[in-house]
Amino acid sequence: MIAKTYTCSLLGIDAILVEVEVDLSPGLPAFATVGLPDNIVRESKDRVKTALQNSGYPFPSERITVNLAPANLKKEGAGFDLPIAVGILAAMGIINNQRAEQTIMAGELSLDGRVKPITGGLSMAIQAHKSGYSMLLLPSENASEAAVTDALSVYPIKHLSEVVEFINGNQLITPVELDWNNVWRSQMNEELDFDEVRGQEHAKRGLEVAAAGGHNVLLVGPPGAGKTMLAQRLPSILPLLSFGETLETSKIYSVAGLLGNSPLMVRRPFRAPHHSISDAGLVGGGHIPRPGEVSLAHNGVLFLDEFPEFRRNVLDLLRQPLEDGQVTIARASMSLSYPARVMLVAAMNPCPCGYFGSRDRSCKCSPQQVQRYRSRVSGPILDRIDLHIEAPAVRYEDLRSTQPAEPSGSIRERVVAARNCQIERFAHAGIYSNALMKPRHIKKHCKLDEAGEKLLAGAVRQLGLSARAYHRILKVARTIADLDSEETIASHHLLEAIQYRSLDRTIF
């Protein structure tokens, strides 16, 4: 007898519907799984057999064939345990086969029949809804994240016996209901605030400009100047996530198994990997492909402290994500894409000892050491960073000051107003911020008057700025003008933009 159940398999951050066919036929006892299963899926036969027996159900002494369709797609993960076990019970006539076909389910089985959590519950719920299903059975730990789809009833399960009784109509399980207000409130109260930062007014202004235009940033300053403290508070001045951004970001964390106790990511993520990270850890990949740090920072901030200490080949892997907003991982059998639209914030010392150009401490590095230290960061990566912000050591007077600093909420209001100007400006251009402007957009939206042309020409000649620095200055100047709600770029906008190109100056 053939029985069918349905589940979902992950493909990147999305899920696809998988039909699980179970056939019991006469012959010597055997258990075969076909349909491109990986090793974890192949091992499910031992988990399923033991879980069924320890839950009080018989295990057939016939030949069992499990087919996972579509057969041309690689099946990975332990979430197939539950649908395979239910399919076997349905083929034996213990479970109502017709009702089992109307439900999508996923879960890993322990040897005593308990249902253990899986990854990608949110993506599975979205795919189940798209496929026209109204019921989804998931482990209780994953049910809350899947409950964001209001048109789908998500039932939390803890044991295989609950699934059997529920499908047969002998037990009621209450579907999960999500309290949206509690979800938003529980995370929004945890944000760091710029009012905790003393001094560094120039750096705070630079981060405001970066947030307003979506620009990548490099913070340069001595140890202890507060570069990490500033970067950690950057998400607090970015616009709040839209529902679409929240859903997309949460899908990434769901696939990576990092949602924790919260069903959704309602705050912009902030990721700060150590400089010893591998290439797969940063951009994603591995034997079983997983999203890397650049994807986990999607719609948020990727902070790379001690920027020159990262291996050069690892940093160069960021070139495609920063340019395209996604990571593509190619395999022999398929190609996966993970979204990676991030604001890159890097931090570095001006020299190996950290005190080049300091007013308080003398630098002990030779010119060759300074040059060697900075050359660890390749030109193509620096080409994708719009603002170089100097963060000097904080003065004692600033540390002891009792004057309140400007809170993040006030800065965010100006940032949101500038972003709204850009969204309206680029409504038909396929981009949403000044940082994404191409040369044709720069030519159209960054026009200068005669005084501005002379000022920029003098800066390019006297400071030795490159062609890429020229375009970066125009982008940043456009953002500064947006913060001032001005249609044209004035000379003072250009002057402020020029000072954010410190690494392009030959005197630095």
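**Pockets, enclosed space and cysteines**

Reply: Strand 1 (2-11) and strand 14 (335-339) each contribute at least two residues to the lining of the second largest pocket; helices (H or I, at least four residues) and strands (E, at least two) are DSSP runs numbered from the N terminus. The model is predicted, and local features need pLDDT of at least 70, side-chain atom pairs count only at pLDDT 80 or more, and totals for chains, interfaces and linings use all residues. Residues are numbered from 1 along each chain as its sequence is written, and side-chain values use heavy atoms, with hydrogens and water left out.

Strand 1 gives the most to the lining of the second largest pocket, namely five residues. By class, 16 lining residues are nonpolar, six are polar and four are charged (Ala, Val, Leu, Ile, Met, Phe, Trp, Tyr, Cys and Pro count as nonpolar, Asp, Glu, Lys and Arg as charged, the others, Gly among them, as polar).

The largest pocket has a volume of about 930 Å³. Its lining has 38 residues, and Gly-214, Tyr-432, Ser-433, Ala-435 and Leu-436 are the closest to its centre. Four helices each supply at least two residues of this lining: helix 15 (319-324), helix 19 (408-425), helix 20 (439-445) and helix 22 (467-483). The lining of the largest pocket divides into 17 nonpolar, nine polar and twelve charged residues.

On a 1 Å grid over the protein atoms alone, a cavity is a set of points where a 1.4 Å probe fits but cannot get out, a pocket is an open set with protein on both sides within 12 Å along at least five of seven lines, and lining residues have an atom within 4 Å of a point. Points are joined across faces, edges and corners, and a volume is the space filled by probe spheres set on them. The structure holds one cavity of 30 Å³ or more, and the largest cavity has a volume of about 50 Å³. Eleven residues line the largest cavity, with Glu-191, Pro-239, Leu-240, Arg-267 and Arg-268 nearest its centre. Seven residues of that lining are nonpolar, none is polar and four are charged.

The cysteines come next. The structure holds zero disulfides (a disulfide is a pair of cysteine sulfur atoms within 2.5 Å). Cys-351 is in no disulfide, and the nearest cysteine sulfur, that of Cys-353, is 3.5 Å away. Cys-351 is also buried, at a relative accessible area of 0% (buried means under 20%, exposed over 50%, partly exposed in between, with a 1.4 Å probe and protein chains only). For Cys-421, the closest cysteine sulfur is in Cys-446, 14 Å away, and therefore too far for a bond. Cys-421 counts as partly exposed, with 30% relative accessibility.

Helix 3 (residues 81-91) has eleven of its eleven residues buried; among them are Asp-81, Pro-83, Gly-87 and Ala-91. Gly-93, whose phi is positive, near 85°, follows helix 3.
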